[in-house]
Amino acid sequence: MEQIGTCILQKTNKDEKDFYVTGIGASAGGVKALTTFFDNMPQTKNMAFIIIQHLNPSHDGLTADVISRHTSMEVSQAAEGMVIEPNNVYIIPPNKYLRVEDNLLHVCQLEDDEKPRYSTDILFKSLAKNYMDKSIAIILSGASGDEAMGCKVIKKLGGMVMVQDEITAKFTSMPHNIVMAELFDFILPPESMGKQLVNYVKNSTETDMVKEQSYNNIIEVIEGEEIESISIAKRIDKRNKYLEMELKQTREALQTTLEEVETLKEELQSTKEKLLASNKELQMTIEEFQSAKEELIIVNQKYSKKIEELTGINNDINNFLSSTNIGTMLLDNSLTIKRFTPSIQETINVMYFDIGRPINHISHNLKNINVVKESQRVLDTLTPITRESQSLDGRWYVLRFLPYKTSENLVKGITITSVDITELKKATEGLKKLSQAIEQSSNVVIITDTLGNIEYVNENFTRKTGYTKEEIIGKTPKILKSNTNNDSFYDSLLKTIETGEVWVGDVYNLTKRGESFWEYTTISPVRNEDGKITNYVAIKEDVTKQKEIVQAIKNSEKKFRLLFNKANDAIFLYGFNAKGTPNKIIEVNDIACEILGYSRGELKDMSHFDLVSEKSIIDIPNIQKNLLNDGYVTYEIDYISKNGDIIPVEVNSHVFMMMDKKVVLSIARDVSMRRKNQELQYKLEEEEKLLKESLEYDRIKTEFFSNLSHELRTPINVVFGTLQILELTMDNVTEDSNTNKASRHLKILRQNCYRLMRLVNNLIDITKIDAGFFEMSLQNCNIVNVVEDIALSVAEYIENKSLSLIFDTDVEEKVLACDPNQIERILLNLLSNSVKFTEPGGQIMVELKEKEESILLNVEDTGIGIPKDKLNIIFDRFRQVDKSLTRNHEGSGIGLSIVKSLVDMNGGKIDVKSKEGIGTKFTVELPIKTVDEEISNHMLPIDSEEIKHKNIERINIEFSDIYS
């Protein structure tokens with residue numbers, strides 16, 4: 001490395017290269033220009049070419065195969081590290097850019113923010129830096145790019161820039177940019193560039209002044225772009241030596257030329273002398289020639305007529321070839337173009353000056369066909385080939401390749417013909433689409449002959465009718481005939497179509513399965529070129545649903561009119577005038593006439609707002625404004641009837657379009673009763689307020705009785721305790737008549753204490769239940785054990801009353817959630833009732849049964865029974881069945897009421913069946929459910945003696961109403 005100032009130059013051997021490198025930039029329209037360029041590029045062995053074609057990344061780019069057909073040079077796609085060699089063409093890969101360094105190609109990936117159009121600029125700059133004055137840039141057809149900077153560097157470093165002229169360029173942006181920047185050396189069409197390029201390379205010499213300017217430019221570029229090549233000093237020194245050598249060679253060449261000129265002068269003098277000598281010989285030859293000329297005139301006259309005939313024939317052939325639309329091309333055995341018609345140019349890009357050129361040098365506009373290979377195949381096999389192909393502009397052609405034979409049946413080449421079949425293709429596709437459209441049509445299509453025999457039906461016919469095509473072809477459409485249409489209907493139809501007119505109408509037909517359907521049918525005659533009817537075409541659309549809809553609409557309209565006129569509310573229909581105020585009423589229903597006392601004709605001569613009372617008229621403008629703005633409005637207003645009565649109404653008005661005009665539908669409901677109801681509602685609310693105050697008072701009163709019951713219970717407990725003390729005292733006293741008498745009185749006192757306790761307990765429970773303070777203690781209990789223990793605990797007492805107690809169960813164990821204390825109370829109360837109303841010698845049965853989701857507890861006795869008219873009151877509070885003074889038991893009439901409440905609180909229900917003189921059966925149904933163990937196990941265990949004592953006390957309390 002050598003450093004001069006701030007510029008570092010790297011030594012390279014590019015000056016030692018003896019060939020030129022040409023970079024060619026192109027984009028849109030560039031393929032045609034490239035092929036033309038290489039078709040006309042003379043052979044050279046001291047040049048290499050690099051092609052850059054920047055297109056959209058979605059395109060595949062130029063391929064080596066395309067260019068290789070137009071040049072004898074080696075063509076290949078550029079690869080990383082490939083050595084640049086003369087007589088080679090390198091093509092940039094798609095979506096990449098190329099750089100040249102040390103005579104090597106470097107392929108680089110485009111970054112996300114780079115575009116393909118910068119690839120030409122990148123290549124040109126690297127060419128200029130590496131090949132200096134042996135770098136050449138060619139700009140061909142293309143859209144706007146960024147090649148100007150690269151061309152500028154090539155020019156500054158002594159290279160050359162060649163631009164395609166804008167007349168031949170399909171896209172002129174790229175050439176135009178270079179011309180406007182004045183960076184070009186030549187402006188040429190592609191076919192002229194090759195020759196000029198070879199001349200430039202051959203005669204590339206410059207004057208010292210130009211070379212000096214080039215050196216200055218070299219220094220400017222090197223300083224501006226920091227080209228790391230060779231040092232400036234050595235580069236200039238080497239360039240001076242090169243110029244000195246060129247000047248020396250030029251002087252030597254000039255000296256040689258002068259010597260050659262002298263030699264030519266001497267030769268010319270010698271030639272002049274020879275010409276004088278030969279002039280005599282020429283005179284003799286002229287005389288001989290004159291004699292031959294006379295003979296030729298005679299021969300010419302003989303063949304003149306034949307020439308005229310051949311000329312006419314040739315003219316006829318030329319006119320035929322020029323006028324025929326069949327493209328034709330004749331190739332010889334080497335596949336060289338001999339002749340062609342103008343029409344062949346639609347498919348093969350051939351010009352008149354291409355005659356004599358090989359066919360493989362000519363491009364074509366056809367897809368998926370190789371003209372050269374097909375031609376060679378016919379030449380090898382002598383077998384004609386026919387191919388269909390589509391051109392790049394979308395047209396279709398039939399190409400035929402045939403051996404070209406002479407009159408002696410010798411093969412002298414091949415004939416290529418092309419016929420444009422685009423219209424035929426379109427017609428065929430059209431017929432195919434028409435056929436598919438008819439076959440796939442949602443309508444039924446039938447074609448008959450003139451006698452009505454069916455020749456064709458589409459697929460939808462078979463789906464609709466159930467007949468197959470085989471079953472229907474040859475039949476007449478009458479096979480679908482239903483009895484709805486009579487013969488005159490079909491006679492009229494036939495008469496219409498036979499006269500050549502189109503018949504349109506609805507036909508009611510039957511399917512093969514006998515199902516009916518409606519078809520909207522159009523029958524049209526089909527005429528031939530002579531205008532004669534040859535067939536009939538029937539197109540049928542299933543309108544069964546439409547018919548049903550129309551009928552439904554008619555029915556709906558009938559119902560609407562009935563509803564409109566029979567509605568309980570007044571209905572008005574009216575429109576607007578230009579100022580937006582209501583017009584006269586369009587329609588009104590019967591109830592409106594009835595409410596207002598006007599006839600329909602009188603109301604139709606009025607505006608809707610003419611019916612409004614003077615009191616409500618002030619609200620009309622605001623109502624009208626809201627109606628027009630929102631499209632609907634609800635308001636209350638007073639109508640005034642014909643006889644002057646005020647009718648309060650609630651009006652719902654809606655704006656909608658009818659026949660392109662805004663109309664209003666107003667429904668007015670008489671709200672006289674509603675206003676009265678509102679007044680009653682106000683009074684009801686006042687009374688409800690008083691009722692709430694009364695209920696609050698009752699709640700306070702209930703709370704008071706609850707407290708009072710507790711107060712009553714306290715002295716009863718004191719009396720009861722004293723009684724127990726007295727009984728203990730009496731047990732220690734010797735028995736006598738007074739003692740027995742006292743014991744009897746104590747027993748009476750104890751029983752009445754129990755009675756009073758039962759009454760207070762019931763009173764307290766009723767108070768708690770009414771106040772919502774009664775608490776249940778639900779536990780998971782074996783209901784069988786609970787009921788059995790209660791039954792056994794009262795068995796002795798019941799037997800002492802000369803009654804028998806039977807306990808039975810069909811389930812051994814069933815755990816459910818209940819309050820065992822309340823279950824005990826329920827059962828004891830029911831057993832107490834049975835004991836009260838069953839005569840001695842009777843029977844009481846306690847029974848448990850299991851249902852799917854519940855347990856049934858039955859208490860049945862053989863007592864006196866309950867009258868049928870009293871069964872519905874036994875669970876009512878303070879109601880007793882037996883109110884006679886002779887009853888042998890007491891009661892307050894609230895026991896069974898409490899039982900029902902307790903059953904309800906346990907989630908169950910109670911029922912009673914009874915017959916007088918036979919007995920009564922109570923059934924308690926409890927649901928089978930459980931509670932969480934944490935909830936059910938909160939009860940603490942109690943000593944069994946204490947439980948026994950409490951059970952005896954409960955029994956005594958519950959049975960206290962029964963006399964001994």
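Helices (H or I, at least four residues) and strands (E, at least two) are DSSP runs, numbered from the N terminus. The model is predicted: local features need pLDDT of at least 70 and side-chain atom pairs count only at pLDDT 80 or more, while totals for chains, interfaces and linings use all residues. Residues are numbered from 1 along each chain as its sequence is written, and side-chain values use heavy atoms, with hydrogens and water left out.

Q: In helix α22, what separates K900 and D904?
A: The side chains of K900 and D904 form a salt bridge at 3.2 Å, N to O (a side-chain nitrogen of Lys or Arg within 4 Å of a carboxyl oxygen of Asp or Glu). Both residues belong to helix α22, residues 895–905, and are four residues apart, so the separation is about one helical turn.

Q: Is D904 buried or exposed, or in between?
A: Buried means under 20% relative accessible area, exposed over 50%, and partly exposed in between, with a 1.4 Å probe and protein chains only. D904 has 40% relative accessibility, so D904 is partly exposed.

Q: How many residues apart in sequence are the parts that K604 and E587 tie together?
A: The side chains of K604 and E587 meet in a salt bridge of 3.6 Å, N to O. K604 is in helix α16 (residues 600–604) and E587 in strand β23 (residues 582–588), so the linked parts are apart in sequence by 17 residues.

Q: Which residues are linked in a network of salt bridges with E587 and K604?
A: E587 is partly exposed at 26% relative accessibility, and K604 is partly exposed at 32%. The network that links E587 and K604 also includes D590 and R600.

Q: Which strand holds E850, the residue paired with K814?
A: The side chains of K814 and E850 meet in a salt bridge of 3.0 Å, N to O. K814 lies in the loop between β28 (804–809) and β29 (815–818), so the pair ties together parts 36 residues apart in sequence, E850 being in strand β30.

Q: What is the length of the polar contact that joins the side chains of S516 and Y508?
A: S516 lies in strand β20, residues 516–527. Leaving aside neighbours within four places in sequence, S516 is in contact (heavy atoms within 4.5 Å) with Y508, N509 and L510. A polar contact is a pair of N or O atoms within 3.5 Å; within protein, one must be able to donate a hydrogen and the other to accept it, and residues adjacent in sequence count only if both atoms are side-chain atoms. For the side chains of S516 and Y508 the value is 2.9 Å.
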